[in-house]
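Work through these exercises with the model open. Try each task before reading its solution.

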Amino acid sequence: MTQQVKAKEIVTKVCNYYGIEEKYIYKKLRKKQVINSRHMAIYLVKKHVNMNNTDMADVFKKDRTTILHAVQKIQDLLTLPHEEDLKKDVENLNFLIQIH
């Protein structure tokens, strides 16, 4: 399985989990639910797929700095004690990714 295929599978799982259409992850939509889902997808692809930021930017149709920002944003939020819902989402999505 190629890295891009694995990345797109993760995007699909994130979109199904949050109930949004996959096409919105790749667009410039600025709705909070889409942004949060996009950030989560980018974070999980970075965690589970051996891709550099430039290749990830190509997959997500974003620039490299957007990839860096999304990963850092989720990492920062996960350190906050009041982000239990986000931590649970990461745990659930990690499980879904591992079982295919």
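The exercises run from the whole chain to single residues.

This is a predicted model: local features need pLDDT of at least 70, side-chain atom pairs count only at pLDDT 80 or more, and totals for chains, interfaces and linings use all residues. Residues are numbered from 1 along each chain as its sequence is written, and side-chain values use heavy atoms, with hydrogens and water left out.

**Exercise 1. Find the secondary structure pattern of the chain.**

Step 1. Count the elements. There are 6 helices and 0 strands. Helices (H or I, at least four residues) and strands (E, at least two) are DSSP runs, numbered from the N terminus.
Step 2. Read along the sequence. The pattern is α-α-α-α-α-α.

**Exercise 2. Compare the radius of gyration with that of a compact globule.**

Step 1. Apply the rule: 2.2 Å times the number of residues to the power 0.38, with the radius taken over C-alpha atoms.
Step 2. For 100 residues a compact globule would come out near 13 Å; the chain has 12 Å, so the two agree.
Step 3. Check the box. Along the principal axes, the C-alpha atoms fill roughly 35 × 30 × 25 Å.

**Exercise 3. Describe the largest nonpolar core.**

Step 1. A nonpolar core is a set of buried Ala, Val, Leu, Ile, Met, Phe, Trp, Tyr and Cys residues joined through side-chain atoms within 4.5 Å. Buried means under 20% relative accessible area, exposed over 50%, partly exposed in between (1.4 Å probe, protein chains only).
Step 2. Size the core. It has 28 residues, and M40, L44, V45 and F60 have the most contacts inside it.
Step 3. Trace the sources. α1 (3-18), α2 (23-26), α3 (32-48), α4 (53-60), α5 (64-78) and α6 (84-99) each supply at least two residues. The largest share, 6 residues, comes from α3.
Step 4. Follow L44. Leaving out residues up to four places away in sequence, L44 touches I10, V14, L93, N94 and I97 (contact: heavy atoms within 4.5 Å).

**Exercise 4. Is N53 buried or exposed?**

Step 1. Locate N53. It lies in helix α4.
Step 2. Read the accessibility. N53 has 17%, so it counts as buried.
Step 3. List its partners. Beyond four places in sequence, N53 touches K46, R64, I67 and L68.
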